[in-house]
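Subject: Structure handover

Hello,

The structure we discussed is below. My notes on it follow.

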Amino acid sequence: MSALRAKGVSLLQGAISFIKMHHKASSQRFISHKHVNSAAERNKEPILQVLKKFITPYIEKTGHQDGGYHCLEISSGSGQHITHFAPHFKSVMWQPSEVDVSSFGSISAYIQDSGVSNIQQPIFIDVSEDYTKWGGGGVIGRQSMDFIINMNLIHISPFKCTEGLFHNASQVLKPNGLLFTYGPYAFHGKISPESNIRFNLMLRTQNPEWGLRDIDQLTTLATSGGLQLVEIVALPANNHCLIWRKC
């Protein structure tokens, strides 16, 4: 019996060692999927403070502290932003999205690592297409979102993407819902400081359809869809967060 017990213990220990090794290897593969964007690391906290300034009063005013709020992120990138924001708004269900499906692994890795339950898995969204096609169709409904956030897309994409963002936001947001856009902008035909001028020239050299968009142009576009610019918040590195409300 002692020999059998010894053999059984040895097999059990071997199985435990295999499980531990497999878990460690799986964890290493999981971590390796997480992309790190240095700019996102720097700006995620300043942007969070802007979101708190507007989302918290929205929730307090509507009074559904137990949930029922929804936020869509257009162009989630690595997933660093949404997983930084979501833990601070437990009553909001967050939906990441990307047009680049190669980013899905990183977004999912950040979601799992965050340990929160109010972030859904990423869906495919080409913002230049009608919202009825997003996520394969029938995923995002009309007036289904309280908030839409979009970081660093407008200046590094063709203008049709900006047009799609504002047009679709006007359809997807609930009345009084909020759209947050973040990045560098031109103001009334002028780009400043010099670093933003150089950045704009670099973008247009890479792709003539890219470049800093003017606030006046965006306001006209937003107004046509019933979105009103309610505040411009200056943030570090010559960036701004624009807050738009659905009328």
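E41 is partly exposed, at a relative accessible area of 37%. K44, its salt-bridge partner, is buried at 16%, since the cut-off for buried is under 20%. The N to O distance in this pair is 3.1 Å. Both residues sit in helix α2, three residues apart, which puts about one helical turn between them. Please keep in mind that this is a predicted model.

Salt bridges

The search of the whole structure gave four salt bridges. One of them links K34 to D113, with the closest N and O atoms 2.9 Å apart. K34 is in the loop between α1 (2-32) and α2 (38-62), while D113 belongs to helix α4, so this pair ties together parts 79 residues apart in sequence. Another joins K174 and D146 at 3.3 Å, N to O. Here K174 comes from strand β6 (residues 173-183) and D146 from strand β5 (residues 145-151), so the parts tied together are 28 residues apart in sequence. K174 is partly exposed at 23%, whereas D146 is buried at 2%.

Strands and helices

Strands β1 (residues 69-74) and β2 (residues 92-95) run parallel and are joined by four bridges. The chain gets from β1 to β2 through helix α3 (residues 80-85), in a right-handed β-α-β crossover. In helix α4 (residues 104-114), the buried residues include S106, I107 and Y110.

Surface

V99, V101 and F124 make up a nonpolar surface patch with about 260 Å² of accessible area together. F124 lies in strand β4 (residues 123-124) and is partly exposed at 37%.

Regards

Definitions and conventions: Residues are numbered from 1 along each chain as its sequence is written. This is a predicted model: local features need pLDDT of at least 70, side-chain atom pairs count only at pLDDT 80 or more; totals for chains, interfaces and linings use all residues. Side-chain values use heavy atoms; hydrogens and water are left out. Patches are made of residues with over 30% relative accessible area and no salt bridge: like charges are joined within 9 Å, nonpolar side chains (Val, Leu, Ile, Met, Phe, Trp, Tyr) within 5 Å. Accessible areas come from the Shrake-Rupley method with a 1.4 Å probe; for residues, only the protein chains shown count as cover. A salt bridge is a side-chain nitrogen of Lys or Arg within 4 Å of a carboxyl oxygen of Asp or Glu. Helices (H or I, at least four residues) and strands (E, at least two) are DSSP runs, numbered from the N terminus. Buried means under 20% relative accessible area, exposed over 50%, partly exposed in between (1.4 Å probe, protein chains only). Two strands pair if DSSP finds at least two bridges between them. A crossover is right-handed if, with the strands pointing away from the viewer, the path from the first strand over the helix to the second runs clockwise.
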